[in-house]
Protein chains: 2
Amino acid sequence: MPLDSPKDPKIAAKAELDPQNFALANCIRALAIDAVNAANSGHPGAPMGMADAATVLFRNHLKFDAKNPDWPDRDRFVLSNGHASMLQYALLHLTGYEDMTLEQVRNFRQWGSITAGHPEYGHAKGIETTTGPLGQGIATAVGMALAERALAAEFGDDLVDHHTYVFVGDGCLQEGIGQEAISLAGHLGLGKMIVLYDDNDITIDGPTSISFSEDVPARFEACGWHVQKCDGHDGKALDAAIAAAKAETGKPSLIAMKTVIGFGSPNKAGTYSVHGSPLGKDEAALTREAIGWAHEPFVIPDDLAAEWQQIGTRGAKDREAWEARLAGKSAEIQAEFNRRQSGELPEGYEAALKAARDALFAEPKKAATRKASQMALEPLTAALPEMIGGSADLTGSNLTRVKAVDSQYTRQAPGRYIGYGVREFGMCAAMNGINLHGGFIAYGGTFLVFSDYARNAIRLSALMGVGTIFVMTHDSIGLGEDGPTHQPIEHLASLRAIPNLTVLRPADTVETLEAWDIAIRNRHVPSLLALSRQDVPQLRLEAGDENLTAKGAYVIRQFGEGRDVTLIATGTEVQLAVQAAEALHADGLNVAVVSMPSWELFDAQPEDYRKATLGDAPRIAVEAAGKFGWTRYVASEDDVIGMNGFGASAPIDRLYQEFGITTDAIIARAKALTGK
Amino acid sequence: MPLDSPKDPKIAAKAELDPQNFALANCIRALAIDAVNAANSGHPGAPMGMADAATVLFRNHLKFDAKNPDWPDRDRFVLSNGHASMLQYALLHLTGYEDMTLEQVRNFRQWGSITAGHPEYGHAKGIETTTGPLGQGIATAVGMALAERALAAEFGDDLVDHHTYVFVGDGCLQEGIGQEAISLAGHLGLGKMIVLYDDNDITIDGPTSISFSEDVPARFEACGWHVQKCDGHDGKALDAAIAAAKAETGKPSLIAMKTVIGFGSPNKAGTYSVHGSPLGKDEAALTREAIGWAHEPFVIPDDLAAEWQQIGTRGAKDREAWEARLAGKSAEIQAEFNRRQSGELPEGYEAALKAARDALFAEPKKAATRKASQMALEPLTAALPEMIGGSADLTGSNLTRVKAVDSQYTRQAPGRYIGYGVREFGMCAAMNGINLHGGFIAYGGTFLVFSDYARNAIRLSALMGVGTIFVMTHDSIGLGEDGPTHQPIEHLASLRAIPNLTVLRPADTVETLEAWDIAIRNRHVPSLLALSRQDVPQLRLEAGDENLTAKGAYVIRQFGEGRDVTLIATGTEVQLAVQAAEALHADGLNVAVVSMPSWELFDAQPEDYRKATLGDAPRIAVEAAGKFGWTRYVASEDDVIGMNGFGASAPIDRLYQEFGITTDAIIARAKALTGK
């Protein structure tokens, strides 16, 4: 089938607008069609529709060097509509990313391949973040763009000066998190963020008009964006639009591209049937004719392959120039820049940690663990210029703002403290983006109950292995009068259930400092700190350098020799367990109190240690939260002093009393269990 | 302090715009100040700032009758910025809702009072939905407005014709779910929805300008809303704006009111310090002077109290006229309208259920449980005109659309099927609103993994006790090639951890039908159905009318007499357990297989039944999900055949094999446990 030009006259007319771009884009279209057909699963429509725009971007604008995919000052490319994954895999393969072999493309969506159904961070080079859960790509990209400006403010525009490009579909813009991202990016004037919107009028259920009829460009404009519209199949128009978007540096840019989903497919283009199903053999053949593609499946003709390879090396000169600029900096700056990229902690960190630790032992403090968190952050952030903080509009409650992290991030000057607004989901996704970008450790706060709003971004950090630090305060009914809508009950369990997330619920100032130390070192595992509103006494009084929280659980008090009963508690309830243990011991029982700030860390300890810590005696767990899951450590939920339902609105002491989370309840259960 | 007029000239100038409205509004302001001061906790700023608007609304527009709070055709009032709860409590008290006594107002935020920190549905009459988690009030109100149009389409505008009013703050509009609600309401042209935006430039962290600078009215306009701006302290302007909003029937209306937070407080008005902290005694006194309020705390002068009481009865005539219209309908229509309001199921339901059940036993079917769900929905929705369905743009995957629920809800004609768009959170909140409105049972679908996006709305349905039905398909790695971003792992555990939510994971066609029956009857407990993408055989073959799924768990197969081991499984894994049991029995073991579609329902059974079902033999649990929580029923997570981490992208059979969720794994563990 030696075709030179598209058989379909409408397609031919589009091709004529920029023939070379069209021919290059056909390589993407063909690979997407072939890989989805081979897998008999996947989404060909979006790659076929966005191929022209992606070609323009990679060919003329994106600053990248396929042979050096980790070059820090590369432009970031985020495919927010991640179901179009074959678009990205095709681009990575064609431009010569070494790991993205043709074999991988052929193994699209198969076990062990790096070409998963949706782009997975860490699978292949060039995938800057995992996408698929809609709206999160653009929100994560906001974090990357934020980080770029903040890092440039520290190291200069000659070392940090790149764009963040995002492809989005209708789904990303219908999702609420999309709006959170758009609003925040517009507010902060992230001028180097450029979004290309695949405006194809089609959604899974049919035409977008069944559920989506807003004026998207007007919405972006209302949020402070620079907005353009263009034909998404006109290479020259796309090129001009991207150039204009780059020229606008004070506002983020939207390019709303009118596209045809499944562009090229004679019978399926422009319909929802091409969104998430293979074209099939026959329609693939017809599509080949329609777009003028005379090659067998997975075959790219040499001339086009060569041109794509050249595109992949286009940025080498930029990279070399950048490397020369870095080499021209002082040894100190070079070392610091490289350290920040590597994620290594600076020399001063250990000393700052030790000083903070020693101070707590020298002068024990009673404090809410959210306050203890702020106390820990003061010296640690002073030692760690990479720490960049924020809150979803609860700064005074989360206590996430400290002296070293006090400069507000504004459109005029990127600082180290970000007012994310009442946008928990957007915040958490943006923090993932900051950490993915490199150069920073992002942390940010909200109430633990509102982790619900951000849950899938927390999950994505765990799935990607990105060390985002989620600061979640007001971690129980101890929140008090705001009532059950604001009191977390099931949240600790539901977060502990997420694989690869470290949940930390420290009991006092010392454990809180230790928890921060763990979170800061965890560059490949996200950490979530559950912190109290209410004061707790410092229970850890014995000086020492060992981070006991890192063991997940440890015996914090032993009353008598051996054990009649073991009390396991977390956070604010450790003090209750200690009080109960004292009373029980006065009544003749031998009691061990185990503080268990982290289940995940404890479960990772050697079996001997776990057995010795938990002991053989009957066990009682104490936590002002739902009992779900505690049977991992105790015999039955009857042995958990915790919550059976939702909270209530009242002062804290009354709540603990009414819900029976008291020393008396612990004592009664211990006596019932031991028969003493 | 006998003041007649405001001491503060700026406030006096506002008061003069509508003196009587101002005086009535001062009653709200005073009660809010006093109650927050008494509780030493709460949010006075928003009630003080929105008091004028609330007065205009209740005085001149809201159709309600305080002595008949459940009148079906009342206007709905939703306080989306629920932290302004004292505004609502003051209104309910002043207008004469019988349960909202002065004593309750004095006991604001105290144990056992109906005046919780945030308005709680079910605590006090007149609270149409629980609010506090920002953005959800407006999204829930969209459901109410949707339901109003759909019910009117059935019963006529003479029986159903009311407005839905919503107060929102900046937080509701920053939250992504706010945008989902705005976009959907605009798309569907919900002309009787009127939103009053408390545009006060203040957020918890300071001026909104630190994180929010978009043109909110322009955003609403882009989403198809009718938009007005006005002075939020000018009674006459507010009155005119609400009248104009009512006159616009083709679009939902936004009234962006410029207000001063803490209006009246000389030292705190217009600052974030008045958002969430009591004024204190001294500032309260100064505020009294500034606004011209010469009364002791909690004292409302007789003339104003009388006028407020009159406002509370203003709607009685409307109600009586409505009752007369209802009485004028045929007995059949009256009975059906009343039945729909009561939530009772119609006579034909039991017969439809039984026929569907008998058909399954007569001709067993192999089907994915999502398909089984559609098969169940066909006859049940045909028998239940109150069922109103939808999907977050995954109709063809969730299989939520059936013949009786096929008419698309559009701006022109409200049908029984709602295209919610890619807006999971907005959908779930809207479904809560539909159910709260009355007349309908709302159900809607998405992928189980994206329950994350909607999680807090699911939680709110459980907290409120509203029987929303969440249809969550693609419930495990059985989803296949879409990969780990789309494969739920921790979701079953995290949903089971929510109090008062019934999670159902049926194993076959029969259990799926039974699950629907449970969900439909559960008018005060939300249900979540976890359904499979992949086919399963029908395991329940013995005819009978008992809903075994309602027991939560039951012995579905017994091999031999007595038990060497018990296999507990859910959903698609029950067939694996049955196969393994057969093989084990062939090797000489006696095995019981327990199908456990619902933990919550099982735990509610009598102890005898639970003990007999679980048995004394070693137990193994089988579920293609994270193991978290299963130690409630088995000795250790080592006895769970499940997932230890995230999923992967590959065809389903390969995934089950690679992750070791196989009959071989069950058999091996059973042999290890029993030593046989």
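What rotation, and what shift along its axis, superposes chain A on chain B? In this predicted model, chain A is brought onto chain B by a rotation of 180 degrees with 0.0 Å of shift along the axis, the RMSD being 0.0 Å, which is the relation of a two-fold axis. Within chain A, the C-alpha nearest that axis belongs to Gly176(A) and lies 1.7 Å from it.

The contact between the copies draws 95 residues from chain A and 95 residues from chain B, and because 99% of the interface residues of chain A are also interface residues in chain B, the copies meet through the same surface. Between them the two chains bury about 7,700 Å², with 56% of it on carbon and sulfur atoms; Trp111(A), Arg459(A) and Phe628(A) supply 12% of the area that chain A buries against chain B, more than any other three residues.

Polar interactions also cross this interface, where 61 residue pairs in polar contact and 8 salt bridges are found. A salt bridge is formed by Asp482(A) with Arg109(B), whose closest N and O atoms are 2.7 Å apart. Several helices of chain A, including α8 (176-188) and α18 (424-437), each supply at least two residues of the side that touches chain B, and α19(A) gives the most to that side, with 8 residues.

Technical notes:
Residues numbered from 1 in each chain as written. Chains lettered and ligands numbered in written order. Predicted model: local features only at pLDDT ≥ 70, side-chain atom pairs only at ≥ 80, totals over all residues. Heavy atoms only, no water. Least-squares fit on C-alpha atoms with pLDDT ≥ 70 in both. Contact = heavy atoms within 4.5 Å. Buried area = accessible area lost by both parts, 1.4 Å probe. Salt bridge = Lys/Arg side-chain N within 4 Å of Asp/Glu carboxyl O. Polar contact = N/O pair within 3.5 Å; in protein donor to acceptor, adjacent residues only side chain to side chain. Helix = DSSP H or I, 4+ residues; strand = E, 2+ residues; numbered from the N terminus.
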